[in-house]
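Hi there,

Here is the structure I promised to pass on. Have a look at it first, and then read my notes below.

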Amino acid sequence: MIEHVVLRVIAKLLAPFIVLFALYVQFHGDFGPGGGFQAGVIFASAFILYALIYGVENARQIAPPAVAQAAIGLGVLIYAGTGVASMLLGGKYLDYSLLAQDAGHGQHYGILIVEFGVGVTVAAVMITVFFTFAGRRGVLEAREDVATAEDDEDR
Amino acid sequence: MADHLPILQVILPLIAAPLCLLVRHALACWLIATLVSWLCLAIAVLLLHQVLDGGTIRYQLGNWVAPWGIEYVVDRLNGFILVIVAAIGAVVAPYALRSIDSELPERQIGLFYVMYLLCLAGLLGITITGDAFNVFVFLEISSLSSYALISMGRHRKALHAAYQYLVMGTIGATFFLIGVGLLYMMTGTLNMADLADQLKPLAGSRIVLAAFGFIVVGMGLKLAVFPLHLWLPNAYAHAPSTVSVFLAGTATKVSLYVVLRFIFTVFGFEFSFVNQPLGPALLVLAIAGIVVCSLVAIYQDNVKRLLAWSSVAQIGYMLLGLSFATAIGLQAGLLHMFNHAIIKAGLFLAMGCVFLRLGSCRIEAIAGVGRQMPWTMMGFLLCGLSLIGVPPTAGFVSKWYLVLAALEKGWWPVAALIVLTSLLAVVYVWKVVEVAWFRDPPGTAGRIGEAPLAMLVPLWIMVGANLWFGLETSGNVDVARAAATALMGAVQ
């Protein structure tokens with residue numbers, strides 16, 4: 001859709017604001033509606049919009065699939081790591097109260113870090129899922145040859 | 001550190017999975033997966049020891065007190081199941097190195113271990129948690145990863161099998177979630193112990209009854225109870241060999257555990273068996289499943305599919321024990337759960353070795369393989385004898401207790417049926433053994449060697465376990481009895 005001037009310009013204009021809004025939803029999630037999941041989806045939607053307008057290849061250069069896939073694991077590690085950190089500080093798993101000088105601050109930091117992990121993973125998963133489906137054509141062609149060779153092997 | 005064992009049981013594989021995703025290197029991922037599987041087994045054994053000595057262990061996540069926060073509870077029943085799941089994982093992980101290497105393309109191997117670890121974490125999580133909604137979360141983790149694992153099968157039909165399982169599994173999980181939602185609506189709590197207390201005065205409520213139905217049917221789908229089993233044969237037959245071993249030994253057992261946990265702990269014995277005709281209903285389904293699926297197994301021409309149908313029949317035996325609604329019946333069911341895990345894992349391990357060398361598990365393809373892979377097929381034969389229930393194998397012990405339980409009830413036709421259907425198992429096990437040992441290999445087949453040691457050792461550990469638990473029954477029989485009496489305890 002790169003030939004449509006309006007779409008092209010609007011997409012380029014909107015993308016940074018979408019990302020900014022995602023970050024707002026992410027880090028304001030403990031006081032208002034929002035949180036890691038919603039923020040992650042909004043964040044990823046900026047990339048998906050860009051990919052729709054400018055093509056998957058261009059989008060892949062901004063968010064390389066290898067980086068996106070690593071980010072999936074990284075987010076989960078941030079979440080689980082917070083829990084392990086509170087265990088190492090002598091509390092129960094995911095006991096945020098020990099993460100700062102007092103329980104109130106600890107709970108606050110804890111939920112922020114954990115939700116950040118959620119956001120990273122959700123955004124990365126959304127981008128990866130989109131790229132995987134959008135990039136099916138090449139994979140399908142490559143697989144045709146393999147599949148015909150396998151067909152007579154087993155019922 | 002000892003206080004943290006319940007949470008470590010789950011988060012070790014849960015943290016190792018994303019770690020493998022970051023590493024991606026096949027051998028490194030295998031090392032991580034194997035190490036974590038062994039650690040999980042060590043933790044599960046330690047937990048069971050603690051529970052048998054000192055009673056129930058509770059662990060509050062995030063230090064939130066029980067009815068509000070999520071609580072992990074280990075008692076005799078799920079301590080026992082944790083050991084089963086972790087033990088199968090610990091045997092499967094070393095086996096995976098060679099088996100997965102030959103069956104999956106290079107770039108998928110790292111991802112395989114990610115999925116395997118997630119599945120392990122999910123299954124252990126379902127077992128250990130004391131929170132009804134948390135069960136659903138872990139159920140989804142283990143289910144989604146097992147769909148992915150099955151779809152990695154070499155043949156394109158694996159995709160179809162995985163999709164079929166995905167549809168059925170999602171319906172099952174949704175039913176379970178609806179049931180939990182209804183319970184939450186009625187009681188305002190998700191903690192299992194708290195639910196049990198709050199549900200006592202609500203026994204006559206139709207909504208609770210609906211919740212009971214949704215939960216039992218939903219988990220029945222995941223458990224592959226007879227008429228809801230259609231996803232299972234395809235899934236086990238087309239999955240990579242390692243995955244068949246792992247799922248056959250763990251997935252249905254964990255689902256059965258959830259059913260037990262809900263009908264005994266949450267709803268209570270009286271609600272499930274006295275107010276509701278759950279016993280007769282399960283009895284009919286169990287017998288139908290045993291007879292029909294054993295007969296279907298006889299007519300299969302793919303050994304993995306044959307074993308899968310036999311699995312559905314064996315689930316029938318476990319439910320049969322449960323349907324007696326007596327302590328000894330429950331003990332027999334739990335014992336068969338344990339024994340069937342080691343039997344079926346052993347049989348699928350053997351077929352994985354055959355598949356490595358032959359690239360097929362069809363009956364005609366394995367002709368004469370017994371002479372070329374004697375150790376593998378000897379292992380298959382011994383586990384097969386255990387499946388039939390020949391002394392001195394583990395299968396004999398659980399069938400013995402099943403017959404005892406049937407006789408204690410005075411249901412001698414059921415006892416006779418248990419013996420008769422074992423003869424059906426003789427037919428389908430013999431079918432494989434005959435072809436493997438007494439037929440000549442097809443003319444086109446070249447000379448094939450024995451499976452590598454890395455796969456034979458796990459197989460023979462399982463064979464050894466089958467013989468060990470057939471002769472030295474004090475360990476698992478006592479634990480099963482302790483678990484059964486703990487479940488029935490409230491009644492007597």
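What follows is a short tour of the core, a helix pair and the chain contact.

Please keep in mind that this is a predicted model.

Let me begin with the core. The largest nonpolar core has 245 residues, and B:Ala33 and B:Leu117 are the ones that touch the most other members.

Next, a helix pair in chain B. Helix α9 (residues 231–238) of chain B packs against helix α13 (residues 303–323) of chain B at an angle of about 140°, and their axes are 8 Å apart. At that angle, α9(B) and α13(B) are therefore oblique to each other. Their crossing is right-handed. On the α9(B) side the contact is made by B:Leu232, B:Pro233, B:Tyr236 and B:Ala237, while α13(B) brings B:Lys304, B:Arg305, B:Ala308, B:Trp309, B:Ser311 and B:Val312. Sorted by class, this contact has seven nonpolar residues, one polar and two charged.

Finally, the two chains. Chain B puts 17 residues in contact with 21 residues of chain A. Helix α1 of chain B (residues 5–23) gives the most to the chain B side, with eight residues. By class, that side has nine nonpolar, six polar and two charged residues.

Best wishes

Conventions
Residues numbered from 1 in each chain as written. Chains lettered and ligands numbered in written order. Predicted model: local features only at pLDDT ≥ 70, side-chain atom pairs only at ≥ 80, totals over all residues. Axes fitted to C-alpha atoms, helices over the stretch in contact; angles between N-to-C directions. Helix = DSSP H or I, 4+ residues; strand = E, 2+ residues; numbered from the N terminus. Parallel < 35°, antiparallel > 145°, perpendicular 65-115°, else oblique. Left-handed = near helix turned anticlockwise from the far one by under 90°. Contact = placed C-beta atoms within 7 Å. Nonpolar A, V, L, I, M, F, W, Y, C, P; charged D, E, K, R; others polar. Core = buried A, V, L, I, M, F, W, Y, C linked by C-beta atoms within 7 Å. Buried ≥ 20, exposed ≤ 12 C-beta atoms within 10 Å, placed from the backbone.
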